[in-house]
Amino acid sequence: MKRLGNKIAFITGGAGGIGMACAERFIAEGAKVIVADLFGDAARKAADRLGPEALGLGVDIGDEASVREGMAAAIRHFGRIDILFNNAALTNPASMNLDTDVVNVPMDIWNNTLHVNLTGTMLCCRHAIPHMAENGGGTILNTASGAGLAADVTRVAYGVSKAGMIALTKYVATHHGHQGIRANAICPGPVITPLSLDIGGDMMPLVKRQTPLGKLGAPKDIAALATFLVADESEYINGEIITIDGGTMAHHAHVPDMQDYLKSKAAT
Ligand SMILES: NC(=O)c1ccc[n+]([C@@H]2O[C@H](COP(=O)([O-])OP(=O)(O)OC[C@H]3O[C@@H](n4cnc5c(N)ncnc54)[C@H](O)[C@@H]3O)[C@@H](O)[C@H]2O)c1
């Protein structure tokens, strides 16, 4: 039996970089997937590429009716949902570039970011959990971010929305574990996707310098962790927040500068 054999996974934002890599991996591991994305055409195109094990749906996670309809369509097509992977986020560069600090972020950007990332994730949980409970259980995985664990140079609304997702994960794990539903979150550091290259490609060498493994993450790294966390082999992991960033968050902020200093001292 494959690791995700007989599992049906609903992946939000599945038409994008990390979501798409996870959809591919989940299918390779035996799952059937619903690619649910704000852009229905992109979701259907992605599903066509993935083959008959995939269904593409236009779903806006920030709109409760759309979430309800998307999940109902997924259940009509595949019979049930075992895995909810909340991967979607408001990532368009026009919005992210205006998401600066509390003094300057426009209120519509703040509200919309929190609404899509945090409320949207909550709405997907709200509509998946009763269905999972009826079927004897399920697994929820939320994509938060290192930006939800420590402050970044910019994007306060994004970071706060991701911190909210971390708390949401613990509440869902606590309230619904007894129904056989577990919830975990992953906190990726910078991952090389078209999005991250678009909004911060020129800053990648700076991030790399802070990463003990000396390289940035790839979508396949996230897909490997996500596969483990939604598979039955991790069935006793619930309410955990797992960082995947090559060790960036493992050290004090001064370490790379201190290492350079010690190297230069040793050379003299
Ligand atoms: N790429 C990184 O460096 C990085 C780092 C940490 C966390 N993350 C997180 O990983 C996840 C995937 O990011 P990515 O890099 O693949 O970005 P991406 O932009 O390629 O993917 C995000 C997807 O979400 C979809 N989406 C946006 N709003 C939506 C809505 N209202 N309803 C449904 N779908 C919607 C987009 O259309 C897109 O396909 C996001 O949650 C992001 O915050 C990414």
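Two strands pair if DSSP finds at least two bridges between them. Strands (E, at least two residues) and helices (H or I, at least four) are DSSP runs, numbered from the N terminus. This is a predicted model: local features need pLDDT of at least 70, side-chain atom pairs count only at pLDDT 80 or more, and totals for chains, interfaces and linings use all residues. Residues are numbered from 1 along each chain as its sequence is written, and side-chain values use heavy atoms, without hydrogens and water.

**Strand pairing**
- Strands E1 (residues 8-12) and E2 run parallel, joined by 5 bridges.
- Ile-11 has Val-35 in E2 as its bridge partner.
- From E1 the chain passes through helix H1 (residues 17-28) to E2 in a right-handed β-α-β crossover. Right-handed means that, with the strands pointing away from the viewer, the path from the first strand over the helix to the second runs clockwise.
- E2 also pairs with strand E3 (residues 54-58), parallel, over 5 bridges.
- Asp-37 stands opposite Gly-58 in E3.
- Helix H2 (residues 40-50) carries the chain from E2 to E3, again right-handed.

**Burial**
- Strand E2 (residues 32-37) has 5 of its 6 residues buried, so the rest of the structure largely encloses it. Buried means under 20% relative accessible area (1.4 Å probe, protein chains only).

**Nonpolar core**
- A nonpolar core is a set of buried Ala, Val, Leu, Ile, Met, Phe, Trp, Tyr and Cys residues joined through side-chain atoms within 4.5 Å.
- The largest has 30 residues, and Phe-10 and Ile-34 are among those with the most contacts inside it.
- H5 (107-134) is one of the contributing elements and gives the most, 7 residues.

How values were computed
Buried means under 20% relative accessible area, exposed over 50%, partly exposed in between (1.4 Å probe, protein chains only).
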